[in-house]
Amino acid sequence: MDENKETLRVGAAVRRRRRALELTLAVVAERSGLSVPFLSQVENERARPSMRSLQRVADALGTTCVELLAAADPARSVDVVRADDSEFTHEPRVRPLVRGHHQLHAVEFSGDHDPGREFQLRNDELLYVADGTVEVEAEGRAYRLGRGDTLYLTGGVRHRWRATEEDTRVLVVAVADHIEAVEDDPRR
């Protein structure tokens with residue numbers, strides 16, 4: 001089997017996270033608005049959640065869909081992600097650019113995006129607009145980004161963004177949530 005064509009085991013990652021938090025399927029169902037039977041099918045790899053459903057599960061588990069996808073995929077020391085590689089092709093399209101449980105996550109967003117969804121990542125992140133335009137709200141200020149523009153956000157900054165043109169593609173690169181990023185002590 002081609003190692004790059006392995007199926008993501010996102011259900012197993014969901015189950016591991018749920019059990020680590022000592023939550024029942026019923027609690028996750030209530031928090032996510034999804035049914036217990038559907039969540040059970042996801043955990044047993046009999047159903048594949050859409051990105052929207054996976055985000056709802058991630059929210060219910062206090063994590064992100066990027067973290068769940070990373071935990072679902074074995075880490076590789078060298079890995080090529082081809083432009084047409086994508087486990088999730090639903091709109092909006094979210095394509096992991098780094099697979100596996102690593103210290104860095106990179107994701108490409110294209111298509112429609114929920115502009116009301118607020119993000120607050122534990123560690124630093126960088127948004128890069130590959131195509132189109134994006135409006136970002138962070139710390140009470142609005143920023144309009146065009147093709148080639150970047151926006152750096154320190155960990156903990158609440159923000160939301162939305163595409164303002166069709167065919168907008170945004171790359172988000174972030175330090176993984178499981179990494180404890182600390183500032184160097186300048187007195188050393």
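This report walks through the fold of one protein chain, using a predicted model.

## Overall layout

The protein chain has five helices and eight strands.

The chain has 188 residues, and 41% of them are buried. Its accessible surface comes to about 11000 Å². Carbon and sulfur atoms account for 47% of that surface. Now look at contacts between residues at least 6 apart in sequence: 64% of these join residues at least 24 apart.

## The nonpolar core

In soluble globular proteins, nonpolar side chains tend to be buried together. How many residues does the largest nonpolar core have here? It has 36. Seven residues have the most contacts inside this core: Val-14, Leu-39, Leu-54, Val-57, Leu-127, Val-136 and Trp-161.

Take Val-14 as an example. Set aside its neighbours within four places in sequence. Val-14 then touches Glu-43, Leu-54, Val-57, Leu-61 and Leu-68. Two of these partners, Leu-54 and Val-57, are also on the list of core residues with the most contacts.

## Helix 3 and its buried face

Helix 3 covers residues 36-43. Leu-39, Val-42 and Glu-43 are buried in this helix. Seen down the helix axis, the buried residues fall within an arc of 95 degrees, so they line one face of helix 3.

What does that face pack against? The buried residues of helix 3 pack against helix 1 (10-20), helix 2 (25-32) and helix 4 (51-60). Leu-39 also belongs to the core residues with the most contacts, and Glu-43 is one of the partners of Val-14.

Strand 2 (residues 104-110) pairs with strand 8 (residues 169-175). The pairing is antiparallel and runs over seven bridges. Here, His-105 stands opposite Ala-174 in strand 8.

## A buried glutamate

Glu-67 lies in helix 5 (residues 65-72). Is Glu-67 buried or exposed? Its relative accessibility is 9%, and buried means under 20%, so Glu-67 counts as buried.

Leave aside neighbours within four places in sequence, and Glu-67 is in contact with His-101, His-105, Ala-176, Asp-177 and His-178. One of these, His-105, is the residue opposite Ala-174 in strand 8. Glu-67 and Gly-100 are 33 residues apart in sequence, yet their C-alpha atoms are 9.1 Å apart in space.

## Two glutamates with positive phi

Glu-22 has a positive phi of about 55 degrees, although it is not a glycine. Glu-22 is found in the loop between helix 1 and helix 2. With 73% relative accessibility, Glu-22 counts as exposed.

Glu-139 has a positive phi of about 50 degrees, and it is not a glycine either. Where is Glu-139 found? Its place is in the loop between strand 4 (134-138) and strand 5 (141-145). At 67% relative accessibility, Glu-139 counts as exposed.

Methods. Residues numbered from 1 in each chain as written. Predicted model: local features only at pLDDT ≥ 70, side-chain atom pairs only at ≥ 80, totals over all residues. Heavy atoms only, no water. Helix = DSSP H or I, 4+ residues; strand = E, 2+ residues; numbered from the N terminus. Buried < 20%, exposed > 50% of the residue type's maximum accessible area, 1.4 Å probe, protein only. Contact = heavy atoms within 4.5 Å. Areas by Shrake-Rupley, 256 points an atom, 1.4 Å probe, with all protein chains shown as cover. Core = buried A, V, L, I, M, F, W, Y, C linked by side-chain atoms within 4.5 Å. Pairing = 2+ DSSP bridges. Arc of directions from axis to C-beta.
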